[in-house]
Amino acid sequence: MKPLTHAIGAPLDRIEGREKVTGSALYAYEHQLKNVAYAFPVQSTIARGRVISIDTSRAQTIPGVLAVLSAANAPRLGPVDDADLAVLQSTEIAYYGQFVAAVIAESLEIARYAAECLVISYEEWPHDVDLQTDRKDLYKPARVNGDYETDTESGDVEAALASAPFSIDCVYTTPAEHNNPLETHATIAAWHDNEVTMYDATQGAGWTQDIIVKAFKLPHEHVHIIAPHVGGAFGCKAFAHPHTILAVMAAQVTRRPVKLALTRQMMFAVAGYRTPTIQHIRMGAAKDGRLTAIAHDVITQTARIQEFAEQAAVQTRTMYAAPNRRTTHRLARLDVPVPAWMRAPGEAPGMFALESAMDEMALACGLDPIEFRIRNEPEIDPETGLPYSSRNLVACLREGARRFGWDRRNPRPRAHLEGRWLVGSGVAASTYPVFQTPDPTHARVHVDHEGNYTVRIDAADIGTGARTALTQIAADAFEVPVECVCVEIGNTNLPPATGAGGSRGTASWGTAIVDAANKLHACLADEHNGLIPPAGIEVTGELGENPEAQRFSMHSFGAQFAEVRVNADTGEVRVPYLLGVFAAGRIINPKTARSQFLGGMTMGLSMALDEESYMDQRFGDYVNHDFASYHIASDPDIGTIDIAWIDEHDPHVNPLGVKGIGEIGIVGTAAAIANAVYHATGIRVRDLPITLDKLLG
Amino acid sequence: MEIAITLQVNGVDHELTLDTRTTLLDALREHLGITGPKKGCDHGQCGACTILLDGRRVYSCLALAVAHQGSRITTIEGLARDGHLHPLQQAFIEHDALQCGYCTPGQICSAVGMLREAEDGWPSVVSIDLNETHPALSDDEIRERMNGNLCRCGAYANIVPAIAEVAQKEGQR
């Protein structure tokens, strides 16, 4: 009998770490193809209207220019589900920065120069990019992102609020934020006969494949997407954006492999972003500090061309008990770029509002914010009535309080001054759902007679550590050391699988691998007397339906603690210490998992203090479109961050007990920091980011 | 306009004919297939393209290739010797100071340059004594000196200890 291995739980170094630190890991734009041409897109300089004409005469005379594409000559596409992907199919313009043309040339320098030489004339129509609560045309979408109900209501919220001894009524706002992975979106597209091969920066090669199949009316087996390494994504590389289509078109027209990378500036218009949110929260509580009512009403924007409805109130349906409750989502359809997924869509902005409100409500009730949350802990999911498969929010709060030294905290705001620095601390809860993917997910395993296992699955590692975690899962499933396992991912020629999104990758892919292992063990025992035959064995496992998902409410939880220092004279906010304690099921690799939590919280700090895309109403453009003007956290902004987790065994979520950890880290950080800023200064900032001006005067 | 030049990269001379507008970054990536240096912004704002030019760290997206004939160019590919990783490369792996890895070559080249700057007595904005000939690299010094290299995955809290460990071994802490 083979010894049982214990790769799961071991802090393995990232498998591709050596490739990444030596520069040999190849990202999309870096695959070496012969005879490549370069495409450079041209963006509209109006927010709404149509292109009257494009004068290409000067561009066409530049040596090295191969083609100029526009709506006048672009190949006709098949029907696409996302109207933003109908690239160059019409002269109409739906948002500032939409692609209106592209130049393909022998070099990047020539393409870019020629793109600047196009003379484009527009017919400009009035545009409307103003997100306001008093708009008459706010509408209720059919569903919100994540396929949730748009609104929920139970009990009598208004009556409960009217009679509550304690209540709050507050509006919280979060700005537009852009994902900004360090690798800009990039694609190389190459046609050969009737097939197209793409090296693409994508969170899901299969997802990109589906879109190209539809747009170019090709059979699946004629579209090959290759993405071994992806330079960050955070949601914006989940689905194809216009440049992906444009690259394939450009390669089709020029009959050359074509490289296309967005500039950093372009990414602020054509690659998705988090919508700004306006969130109205009302809460009522009885004298004992138990909530009697919660209402969370959300307004966000969507694009005229394509709907996206951020589900910012959805977590409020499950976080706290209250007999009377309501959540709503309304949209303003504007002439803006298309909002999309950004790390924890829904929860990240939604929990800033809810967890800020919980802090305000605790103060209103005269309770400690941790005690207040514990007092409102639900026994079952308050809206679905289902039991939780596991819910350890209280354990996270208590463990966090112990580690943070919460009992030493003076609850009085603006009570602690060190030199010219006001010092304060705050807490907030985190949560993220356990999604079950609807995408078919298969893992094919081959074992040779020497006991080497090769796992093939079209999974994605966008920096999450998926390749490493899956190797560990496979090693334990096959009961061999990790050195005997090779996991191949990031290629549509592998068995199809869901992409990386919704924190469900490891759970989905891992479950398919476990299923393959079960089949392999059965096959070995039944047909081969337990011995691997000389030719080896190959089996395919799959991710089946999880009937438990109908019987249980499945979520991860966490508690985040922040210590902040606010300069009394300048309003500068520093965050010397953050602590996150999570209950997120089984942790496969503590080293890479810690990095995931750290990364999420770092992005959460960035959301709290730095990030804001400014909409210029006059032009309908996000104007601060580079790293000099769109600030993200940099090294000196980050102090000490401690990460811990509760040992959680959840047999219901999947056979591995994995819940997913890619997103929960960003959820709650901004509220913890805002609550700490209130504690330090006595100033409640309900409008992110918390900039100096909001703390002065 | 095109011009013939020779670039010395990681100890090897490469003869090239380049558009004069070509940046050093694009020359490396698009003409020589040396893709360790990354393009994250092309504007000197993210640091992913950091290389060593005659031993000093620079943003290669802000340098024109034709201006650097005769320079010693070192990229991330040139740091390992005889299959042995540079101590910073090893420390980045062990501390998991990377996630997607796209900023990593720039971070490591930048750290190599940064350690040398400190050794040469260069102060930073957080240095207390500007005349100190061998400034000690506290965590705050490392954070400040690495400020020009962004990491969107948020690995800073692992990058600083990775660099600190190497600085410690080299007597710079």
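How many of the 697 residues of chain A count as buried? The share is 60%, with a residue called buried if 20 or more other C-beta atoms lie within 10 Å of its own, exposed if 12 or fewer, and partly exposed in between, the C-beta atoms being placed from the backbone. Keep in mind that this is a predicted model, where local features need pLDDT of at least 70 and side-chain atom pairs count only at pLDDT 80 or more, while totals for chains, interfaces and linings use all residues. Residues are numbered from 1 along each chain as its sequence is written, and chains are lettered from A and ligands numbered from 1 in the order in which they are written.

**Chain A overall**
- Chain A has 15 helices and 28 strands; these are DSSP runs numbered from the N terminus, helices being H or I with at least four residues and strands E with at least two.
- Its radius of gyration is 26 Å, close to the 26 Å that the globule rule gives for 697 residues, so chain A is as compact as a globular protein of that length. That radius is taken over C-alpha atoms, and the rule is 2.2 Å times the number of residues to the power 0.38.
- The C-alpha trace of chain A spans about 75 × 75 × 50 Å along its principal axes.
- Among contacts in chain A with a separation of 6 or more, 83% come from residues 24 or more positions apart (contact: C-beta atoms, placed from the backbone, within 7 Å).

**The seven-stranded sheet**
- Seven strands of chain A make an open, mixed sheet in the order β3-β5-β1-β14-β11-β12-β13; strands pair if DSSP finds at least two bridges between them.
- β3 (65-70) and β13 (223-226) of chain A are the edge strands, each pairing on one side only.
- Five of the six residues of β3(A) are buried, so this strand is largely enclosed by the rest of the structure.
- β3(A) and β5(A) run antiparallel, joined by five bridges, and A:A67 has A:I104 in β5(A) as its bridge partner.
- β11 (residues 186-192) and β12 (residues 195-200) of chain A are also antiparallel, with six bridges; A:A190 is partnered by A:T197 of β12(A).

- Helix α6 (residues 242-254) of chain A lies across several strands, including β1 (37-43), β5 (99-105) and β14 (258-261), and runs at about 35 degrees to β11(A). Axes are lines fitted to C-alpha atoms, for helices over the stretch in contact, and angles run from 0 to 180 degrees between N-to-C directions.
- The largest nonpolar core has 289 residues, and A:A250, A:I513 and A:I673 have the most contacts inside it. Such a core is a set of buried Ala, Val, Leu, Ile, Met, Phe, Trp, Tyr and Cys residues joined through C-beta atoms within 7 Å.
- Leaving aside neighbours within four places in sequence, A:A250 touches A:A39, A:L69, A:A102, A:I104, A:V258 and A:L260.

**Where chain A meets chain B**
- Chain A puts 45 residues into the contact and chain B 48 residues.
- On the chain A side, α14(A) gives the most, with seven residues.
- That side divides into 17 nonpolar, 17 polar and 11 charged residues (Ala, Val, Leu, Ile, Met, Phe, Trp, Tyr, Cys and Pro count as nonpolar, Asp, Glu, Lys and Arg as charged, and the others, Gly among them, as polar).
- The axes of α14(A) and helix α5 (residues 156-169) of chain B come within 9 Å and cross at roughly 115 degrees. A:S595, A:L598 and A:T602 meet B:Y156, B:A157 and B:N158 there.

How values were computed. Two residues are in contact if their C-beta atoms, placed from the backbone, lie within 7 Å.
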